[in-house]
Amino acid sequence: MTDALFRDLVTAAARPYRRCGRYAWHFARGKLAGDPIFLHLLSHPLLPSRGMLLDLGCGQGVLTALLRAAADRHAAGDWPADWPAPPAALVTRGVELSPKRARIGQAALGSDAVIRGDIRSMALPPCDAIVILDVLLYLHRDEQAALLARCAEALAPGGLLLLREADADGGLPFRITRWAEQAACATRGRWRQSLTYRPAVEWSGLLVGLGFETEALPMSQGTPFANTLFIARRSNTTVQICPSSHEIADASIDRVMKPQTAAHSARTS
Ligand SMILES: C[S@@+](CC[C@H](N)C(=O)[O-])C[C@H]1O[C@@H](n2cnc3c(N)ncnc32)[C@H](O)[C@@H]1O
């Protein structure tokens, strides 16, 4: 029952991309159907029901398309009893560097749904959830850490950060992940694209060091890859701490750490 329903949702979510051409439409269908994160997000109570969600490096915005299709289906009264209600009053904003993907997202979902921007430098507005799926590998180590620190500052207390990255300690599946990414970059003519991976334990340490309560889940089911989903909650308590020099060096956050940052919880001291 839920398999059929999810297939219907994917079909409905991909429909707005038809006007953007066959590639954009097929890509949306394939991505939503083949990547286990999307079913996981609908079938688990993770996303807030209201507020603002930022999807950083959103590509053509397929997460927004899926959440809209889910809200419509739920409103029509056709929804699995064991799935949480999809977010009904959550505003989603995608940010995408590639002009072409941003244009596709805007044409399919509306100009407010996706904005063109560089997440390394743009100001992050206050928000309730941030999703960053398979994006940080394109940033350098210091840029990764700086962005996560800005996410901690932008999120409301209790806010959610969903981060997915490949686990550099993931053995053969990791090597397949990296190879597939290198091949994808090459087909786009980006032979020199640098890819920066970290072991999952290092991502967790970085998030915990920023005051997030963090859980890590494998998120590659049905694929040969070594991806991990980090479910990170910004602490409700906002205690200022001074990180040790060891933490600063490890996380490469020395240039972005400001004394007044309130995203560190007592847990990290
Ligand atoms: C592998 S795709 C993932 C897209 C989307 N998160 C998803 O899961 O469908 C990575 C995306 O991140 C975007 N990206 C990379 N660096 C970025 C940056 N500095 N600012 C904004 N987007 C960026 C790329 O253009 C690409 O669309």
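**Figure 1. Val114, a buried residue in strand β3.** Val114 counts as buried because 27 other C-beta atoms lie within 10 Å; the cut-off for buried is 20 or more other C-beta atoms within 10 Å of a residue's own, exposed means 12 or fewer, and partly exposed is in between, with C-beta atoms placed from the backbone. Val114 belongs to strand β3, residues 114-116. Helices (H or I, at least four residues) and strands (E, at least two) are DSSP runs, numbered from the N terminus. Beyond its neighbours within four places in sequence, Val114 is in contact with Cys58, Gly61, Gly94, Glu96, Ala102, Gly105, Gln106 and Leu109; contact here asks for C-beta atoms, placed from the backbone, within 7 Å. Arg101 is 13 residues away from Val114 along the chain, and their C-alpha atoms are separated by 9.2 Å.

Please keep in mind that this is a predicted model: local features need pLDDT of at least 70, side-chain atom pairs count only at pLDDT 80 or more, and totals for chains, interfaces and linings use all residues. Residue numbers start from 1 along each chain as its sequence is written.

**Figure 2. The protein chain as a whole.** Nine helices and seven strands make up the secondary structure of the protein chain. The protein chain has 269 residues, of which 41% count as buried. Among contacts with a separation of 6 or more, 73% join residues 24 or more positions apart.

**Figure 3. Helix α2 against helix α4.** Two packed helices are described by the angle between their axes and the distance between the axes. Here the axes of α2 (residues 22-34) and α4 (residues 62-75) come within 10 Å and cross at roughly 75°; the axes are lines fitted to C-alpha atoms over the stretch in contact, with angles from 0 to 180 degrees between N-to-C directions. α2 is therefore roughly perpendicular to α4, a label for angles of 65 to 115 degrees, while under 35 is roughly parallel, over 145 roughly antiparallel and the rest oblique. Ala28, Lys31 and Leu32 of α2 meet Val62, Ala65 and Leu66 of α4. By class, this contact has five nonpolar, no polar and one charged residues. Ala, Val, Leu, Ile, Met, Phe, Trp, Tyr, Cys and Pro count as nonpolar, Asp, Glu, Lys and Arg as charged, and the others, Gly among them, as polar.

Figure 4. The largest nonpolar core holds 66 residues, and Ala13, Leu66, Ile130, Leu148 and Leu161 have the most contacts inside it. Such a core is a set of buried Ala, Val, Leu, Ile, Met, Phe, Trp, Tyr and Cys residues joined through C-beta atoms within 7 Å. Helix α6 (residues 141-154) supplies the largest share of this core, eight residues. Leaving aside neighbours within four places in sequence, Leu148 is in contact with Leu206, Leu207 and Leu210. In helix α8 (residues 200-209), the buried residues are Ala200, Trp203, Leu206, Leu207 and Gly209. Gly211, with a positive phi near 95°, follows α8.

**Figure 5. The ligand shell.** The ligand is surrounded by 17 residues, the closest being Gly57, Gly59, Leu97, Ile119 and Leu133; a residue is near a molecule if its C-beta atom, placed from the backbone, lies within 6 Å of it. The shell divides into eight nonpolar, three polar and six charged residues.

**Figure 6. Asp134 in its loop.** Asp134 sits in the loop between β4 and α6. Its phi is positive, near 60°, in a residue other than glycine. Asp134 counts as partly exposed because it has 18 C-beta neighbours inside 10 Å.

Note on methods. Contact = placed C-beta atoms within 7 Å.
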